Amino acid sequence: MKALRNYLDKIKPNFEEGGKLHAFQSLFDGLETFAFVPRTTGRVGSVNIHDAIDSKRIISFVIIALLPALLFGMYNIGYQNALAAGKLSEATVLGMWWFGFLAVLPKIVVSYAVGLGIEFTVAQWKHEEIQEGFLATGILIPMIVPVTTPLWMLAVAVAFSVILAKEIFGGTGMNIFNPALVTRACLFFSYPSAMTGDNTVWVAGKSLLGAGYDVVGTDALSAATPLGQAAEAGFAGFDPSVITNAIYGLIPGSVGETSIIAIALGALLLLWTGVASWKIMLSVFVGGAATGWLMQATGLSAIQWYEHLVLGGFAFGAVFMATDPVTASRTEGGKYIYGLLIGFMAVLVRVLNPGFPEGMMLAILFMNLFAPLIDYCFVQRNINMRAKRAIK
Amino acid sequence: MSKLFSSENKEVFLNPLNKNNPIAVQVLGICSALAVTSQLEPAIVMGLSVTVITAFSNVIISLLRNTIPNRIRIIVQLVVVAALVTIVSQVLKAYSYDVSVQLSVYVGLIITNCILMGRLEAFAMQNGPWESFLDGVGNGLGYALILVIVGFVRELLGFGTLLGYSVVPQWLYDHGYQNNGMMTMPAMSLIIVGCVIWAHRSINKEEK
């Protein structure tokens, strides 16, 4: 650590005004403040206190919390590949994980390269500090797309999202919509066949660098997500083994969303460190469960309420997407409303819209839109209450 | 002759093409810009129709401007515009039926286009016929310009064609390229118009 600090101090003058590497000043600053808490303090004479936990540290916690889901997602990709190839008995756990790692790594690289590239360019162009928000977004994006998504599509969607959903609003902290979800929405509406088409997108069918198996024939490749099956006509209900597998995470789905156990580990870390709001997380699950129960009780859907919570992107969205502090409601009361409505909308879309077997993405984006309104109502209510008290 | 093309008249014609563009600066006529721009051909036809109607309604109102009683001027303007819209709509039906089907109600809805009434009220009621004609053509073309840009981008990326001819080479599709489905949705034209306005404002920064 000390050596790194000394090295950074040594090369720092090159990046200052007039130094020969000044063009990369924002890059250097971004790396330096990521590695070390900046030494800036409040202005002399002011009463502000700097918390050492700045947003770069918060985002590091988010990334650590995402790791269980990511690592398990990699294993699941190998598992689905071996299952489709019919070689499950001879595949090793490590071999399957290695295959998944090789399949996901390019997506992580592309997502970070495109997103951070745009962020660095904008920061340098506007003479601002690098904004750290993309560090979490960049790892979230590969986790919410199918494993077979072509890299160029991912690059287009990331660029679209970072420029149009984030930078034009003023960058990190100013965006209305969650940039990772906008990336997924962009992919979803632009290239629907690559996101859900014919259910052949969930299994990686080519061996990579000798790992994994070549899957022969499209029939072997087609694996519907449980929600995709449920959206088909004549669906009567899930086999209990599907739900068990969904809790472990051994079902087809986007890279990071399948395993409830891995997501729960991340959720515990986020709640323990206080990075994510338990109010939002809880109320999303309550809203989803209540709506799911209602849909099942009224005979609109054969999916039980608890099945809604463990299938698809519901848990992942509730833990990592809905709790994004920038796009969620910020008033304490508003968080309950915001979360309840996300759960409600997600199940509503799943059950009542035949075009969308999964509704979490749309529900969260929709409520992102309403979060400022919810906050406004709560703030206004407080103002009115205090005004009344003052008049008495 | 020199008076016809004086510098003021040139300004009247060129201003709406760039510095005072009806869509990019005044943000008028947005609805039709969103509705008809999923392909280039209807966008061009729509732009030309609006140009013709704006130009001639400007001329007619400008000729009548001293005889129209002030209280009923809106009705008179509407009658003139409605007559011209009907003529254009019939001509489209006669000579390019396919495009007129694609444009459907939006030809008829030119009558509600804010650019038209705006030019009639703001310009034709105070100026002579020749200036009004230039103003009408300029505004119509300024509107058409944005429509063509949006239609170009949307058809190229959404369908891989331009004016119906495929321009994206087959080998790109063979290598996994796909048309962008979102470009064919109306929401995307709003985003593209936004990008055009963004570019326009950054180019004309010193105007502020």
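**Pockets, cavities and their surroundings**

Reply: The second largest pocket holds about 610 Å³ of space. The model is predicted, so local features need pLDDT of at least 70 and side-chain atom pairs count only at pLDDT 80 or more, while totals for chains, interfaces and linings use all residues. Residues are numbered from 1 along each chain as its sequence is written, chains are lettered from A and ligands numbered from 1 in the order in which they are written, and side-chain values use heavy atoms, with hydrogens and water left out.

Some terms come first. On a 1 Å grid over the protein atoms alone, a pocket is an open set of points with protein on both sides within 12 Å along at least five of seven lines, a cavity is a set of points where a 1.4 Å probe fits but cannot get out, and a lining residue has an atom within 4 Å of a point. Grid points are joined across faces, edges and corners, and the volume is the space filled by probe spheres set on the points.

The second largest pocket has 27 lining residues, and A:Ile59, A:Gly133, A:Asp324, A:Pro325 and A:Val326 lie nearest its centre. Elements are DSSP runs numbered from the N terminus: helices are H or I with at least four residues, strands E with at least two. By class, the lining of the second largest pocket has 13 nonpolar, nine polar and five charged residues. Here Ala, Val, Leu, Ile, Met, Phe, Trp, Tyr, Cys and Pro count as nonpolar, Asp, Glu, Lys and Arg as charged, and the others, Gly among them, as polar.

Helix α5 (residues 134–143) of chain A also packs with α7(A), at an angle of about 35 degrees and with the axes 8 Å apart. The axes are lines fitted to C-alpha atoms, for helices over the stretch in contact, and angles run from 0 to 180 degrees between N-to-C directions. The crossing of α5(A) and α7(A) is right-handed; a crossing is right-handed if the near helix is turned clockwise from the far one by less than a right angle, and left-handed if anticlockwise. On the α5(A) side A:Thr137, A:Leu140 and A:Ile141 take part, and they meet A:Pro179, A:Ala180 and A:Thr183 of α7(A). This contact has four nonpolar, two polar and no charged residues. Contact means heavy atoms within 4.5 Å.

Helix α7 of chain A leads on to the largest pocket, where α6 (151–166), α7 and α17 of chain A and α10 of chain B each supply at least two lining residues. The volume of the largest pocket is about 700 Å³. It is lined by 23 residues, and A:Phe160, A:Phe177, A:Val182, B:Ala187 and B:Ile191 are the closest to its centre. Seven residues come from α10(B), which gives the most to this lining. The lining of the largest pocket divides into 22 nonpolar, one polar and no charged residues.

One is B:His200, in helix α10 (residues 186–203) of chain B. B:His200 counts as buried because its relative accessibility is 14%, buried being under 20% relative accessible area, exposed over 50% and partly exposed in between (1.4 Å probe, protein chains only). Not counting residues up to four places away in sequence, B:His200 touches B:Asn18, B:Ala24 and B:Val25. The other is A:Ile374, found in α17 of chain A and buried at 10% relative accessibility. Beyond four places in sequence, A:Ile374 is in contact with A:Ser329, A:Gly334, A:Ile337, A:Tyr338 and A:Met367. The C-alpha atoms of A:Ile374 and A:Lys335 are separated by 8.6 Å, although these residues are 39 apart along the chain.

The largest cavity has a volume of about 130 Å³. Its lining includes A:Ile144, A:Arg184, A:Glu257 and A:Glu358, and α7 (179–190), α15 (314–321) and α17 (360–391) of chain A each give two or more lining residues. The lining of the largest cavity has seven nonpolar, two polar and three charged residues. The second largest cavity holds about 50 Å³, and A:Asn76, A:Gln80 and A:Trp202 are among its lining residues. Its lining has six nonpolar, four polar and no charged residues.
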